[in-house]
Amino acid sequence: MKHKLILLTVISVLLTFCQKPVFQSKIDLSGQWSFAIDSLDRGIPEKWFDRALADQVTLPGSMTSNGKGDDISLKTPWTGQIVDSSYFKNPEYAKYRQPGNIKIPFWLQPVKYYKGAAWYQKEVTIPENWDQKHIRLFLERCHWESRLWVDDKEAGMQNSLGTPHQYDLSALLTPGKHRLTLCIDNRVKDIDPGMNSHSISDHTQTNWNGVVGQIFLEARPKIFIQNIQVFPDIHNKQINAKIRVDNTSGEKVTVSLQLKADGHTAPASQTVKFELSSGENVLHVDYPMGEDVQLWNEFHPEVYRLTAVLNNPVSGESDTCRTSFGMREIKTEGKHILINGQPIFLRGTLECAIFPKTGYPPTDVDAWLRIFRICRAHGLNHLRFHSWCPPEAAFEAADQSGFYLHVECSSWANQSTTLGDGKPFDTYLYDESQRMVETYGNHPSFCMMAYGNEPGGPHYAEFLAGFVNFWKNKDNRRIYTSGAGWPNLPVNDYLSDPKPRIQHWGAGLGSIINSQAPSTDYDWSDYINQFSQPTVSHEIGQWCVYPDFKEIAQYDGVVRARNFEIFQETLNEHGMGQLADSFLLASGKLQALCYKADIEAALRTKDFGGFQLLDLHDFPGQGTALVGVLNPFWGEKGYITPDEYRRFCNSTVPLARLGKCIFTNDEPFVATVEVAHFGEKPIVGCTPLWKITDKNGKVIQSGKLAKTDIAIGNGIQLGAVSVPLTSIVQPEKLTLEVAVDSLSNNWDFWVYPAKKQTLPGEAKIRVVQKLDASALEFLKRGGSVLLNLKKGTLSPEMGGNIAIGFSSIFWNTAWTSGQAPHTLGVLCNPNHPALAEFPTEYHSNWQWWDAMGHSGAIDLSSFPRELSPIVRVIDDWFTNRPLALIFEAKVGNGKLLVSGIDLTTGLAKRPEAQQLLFSLKKYMLGEKFNPKVELTPDKLSELTK
């Protein structure tokens, strides 16, 4: 065993706490506290600590959880940017601005709100046997700044956002009664991490005031273990324990230190003696873990617990401290992130401090275990904490669950501030990051750290280069990057980059998913090959779904879904309340399809580092971003199961590259098959299987690919599938399914007859792009007209200004200032006879891509409500307009079918449009084409410019 003593004598406030110490004596301070709101200009009045406070609250808790604060009004001083100010001025929101009916649309609405100083007070009795002890006050998860008085003496101020506030009260707490007075202030003062940071903003967790974790007084010997840092060395099968011991006795003392690790294996204990000087001492001990030591990773989350016992032979006292750790090494090599030498692929989602029951993060392990179980059920192995640091319980749960955590230093230094310009936050960032590492650094799940999210300012790159270098030189237990999103710096261990995804901010309808015909044959290799480090795609997805109004009842804690109430009311006002669930399910199917496309593109990219979804669950702020297949409570919405999600998001995922998804039966179906495999070990002797089935599951054709061994990695080629389609004589949706080592994935494709059958009487239908006098006369005489509007000719009043595309809405239209598309896909009855020759589900799938790209969404708001479209377009929940893609009407003696899809222009190169046109014509020639709702020519003339 090698050991050495480093002596440091310092005078400082105790900033860090010993992980899980065995307390010699502790007084639990949870329960009732006296309370007062600061009413003197919301500053710090004199001598609040000298008087008894009249009100009462329960801690742990917040003011809001205790029902304290102000009612919400138009003057509520929110923390966070409101990009869309229409709520405060537009007439459609006027009734929601009235006293007694205040409802905000941009995030969840707290039942009470307060921003400023609040006072908490409690009487304590210090026992006689605490005399001459080291006494500290422990406050877990204060928000934000705390100041403490013992009786009439101020004990100090602390302002950590991510770690416990701890006060050394040894000189202030003598045996007997004392009054603790705590001032908590949740305002942003000179230290501004960024008003949209999830550590402080109202967008998600709310800007609460209080203390929500453990609260206790603790007495320990004069010589005590202040902190243990464990540095695993998996190659030499040992740890280096860096142990900080505080000797407050004022004398040199020789002590013995015993170390014992316990876990799946139990190495022998070790005891060593040290001579301590007065003050702070740093002890280094190399501790062997044994030949059978177990490593920590996502497949085997083996957690050890180190117990350190410090014995003082002079006083006869001992001090015990415990901390958990894992034998884990993370590093980068080329474009790969390695855990214990093996490449990993990060399949992550964000956690943006979304806790609608309490408004603040849980500090119990079970709550976090539930979150990680749900994430794992959806195939994930990684969680990014966007601009905040979670509490101890989250790290413990992640250790147990085998999750790789990306943690940030509570900042999104943009909008309200900048980084690297000499503002107070620049210094705070270094202080806070050191507190975080000292507090949580032993957790094997703490794998990655960044300053925070998307920095702003002219000097952030230079500043963050220094920050990354500082941490790379100081602590090798994790990998570091400058910021989430940017900048890409040579010093970064890995890159967090927003470009490798299928929809970018500002791309609108120019994105891959909206501008390029459906395929699964693209990836991000050309982009990432310009960098030498691993690339992790930043905030991919952001695909929206229609609100689930059944969710409103679940908001029975400190926030209410008043935004959902507004959206539901406007839907009802437009006569579509009965369609809410259908809108949810149909848009949800499109949302899941978009996520599948995003995730598979990442998995197809050779040597990619991984992705971070925004998000697996909804983000209720920033204008209401319903981007999750799960709700903010991590509950399913009903349109995709974890098992279905895991088919395309898992440690092993079969992948197929299809050059297109629409075929005619005079050409072969061709796909190349590969696999992304980041499992526990290589797969030996695997025979991949494939099959093509119809909508009923009947196998059309099947086969085997060559038997092979599959190494750890992606871009691993397995073979090709080529099938003639001449036997498919009717239009059909078919599905390719590929199985690798019992794990399957599937892709839909469509086959249409290359040669359409002749429709008897087709000449009786007049196909037009405008209702001119001739077409109206034809209708008047009892004719059937198919009006298909040329792209761009729909009048603005009838929906021509609605940006329609194939994909779902990106993030939300309020926060993106109306980024296209503005719609959420189609809703239809797949059994409607008009669609009999155009196979479809009730929702968008890839065969609708061409239609959505050549169409306008027709606004039926001014039409009779009895007019029910054959194919609806699901509108943005902010506007909830009744939109149609296809509808029918009676016009005089004639029958009219209106298509917002251009079924004339460039038809030769649009097989989907040809097939849809055929289906509509066949319907119009049949007896079932019998519109009931009558429209006048004057009303129909409003459709076009």
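This is a predicted model: local features need pLDDT of at least 70, side-chain atom pairs count only at pLDDT 80 or more; totals for chains, interfaces and linings use all residues.
Helices (H or I, at least four residues) and strands (E, at least two) are DSSP runs, numbered from the N terminus. That is the naming I use throughout.

Residues are numbered from 1 along each chain as its sequence is written, and side-chain values use heavy atoms, with hydrogens and water left out.

I start with helix H2, residues 392–401. Buried here means under 20% relative accessible area, exposed means over 50%, and partly exposed is in between, with a 1.4 Å probe and protein chains only. How many of the ten residues of H2 are buried? Nine are, so H2 is largely enclosed by the rest of the structure. The buried ones are Glu392, Ala393, Ala394, Phe395, Glu396, Ala397, Ala398, Asp399 and Ser401. Their packing partners, with contact taken as heavy atoms within 4.5 Å, are helix H1 (365–377), H3, and the strands E22 (318–325), E27, E28 (404–408) and E29 (446–450). Just after H2, Gly402 takes a positive phi of about 75°.

Next, H1 against H2. Axes are lines fitted to C-alpha atoms, for helices over the stretch in contact, and angles run from 0 to 180 degrees between N-to-C directions. The angle between H1 and H2 is about 45°, and their axes are 8 Å apart. That makes H1 oblique to H2; angles under 35 degrees count as roughly parallel, over 145 as roughly antiparallel, 65 to 115 as roughly perpendicular and the rest as oblique. By class, the contact of H1 with H2 has eight nonpolar, two polar and two charged residues. For those classes, Ala, Val, Leu, Ile, Met, Phe, Trp, Tyr, Cys and Pro count as nonpolar, Asp, Glu, Lys and Arg as charged, and the others, Gly among them, as polar.

From H3, Asp426, Leu429, Tyr430, Ser433, Gln434 and Val437 meet Phe463, Gly466, Phe467, Phe470, Trp471 and Lys474 in H4. The residues of this contact divide into seven nonpolar, three polar and two charged.

Now the cores. A nonpolar core is a set of buried Ala, Val, Leu, Ile, Met, Phe, Trp, Tyr and Cys residues joined through side-chain atoms within 4.5 Å. Which residues have the most contacts inside the largest one? They are Trp368, Tyr645, Trp848 and Leu885, in a core of 165 residues. Helix H8 (residues 580–604) gives the most to this core, with 14 residues. Leaving out residues up to four places away in sequence, Tyr645 touches His378, Tyr595, Ile599, Leu613, Leu616, Val629 and Ile640. There is also a second, separate core of 29 residues, including Ile225, Val230, Ile234 and Val293.

On to the backbone. Most residues other than glycine have a negative phi, and most peptide bonds are trans. Ser387 has a phi near 55° and lies in the loop between strand E27 (382–385) and H2. Its relative accessible area is 0%, so Ser387 is buried. Thr624 has a positive phi of about 85° and sits in the loop between strand E34 (610–614) and helix H9 (642–648); Thr624 is also buried, at 0% relative accessibility.

Where are the cis peptide bonds that I want to show? One runs from His143 to Trp144, with omega near 0°, and Trp144 is in the loop between strand E9 (142–143) and strand E10 (145–150). Another joins Trp486 and Pro487, with omega about 0°; Pro487 is in the loop between strand E30 (479–481) and strand E31 (495–497).

Last, Ile692, in strand E39 (residues 689–693). Ile692 is buried, with a relative accessible area of 2%. Beyond four places in sequence, the residues touched by Ile692 include Phe669, Val699, Val723, Leu734, Leu736 and Phe749.
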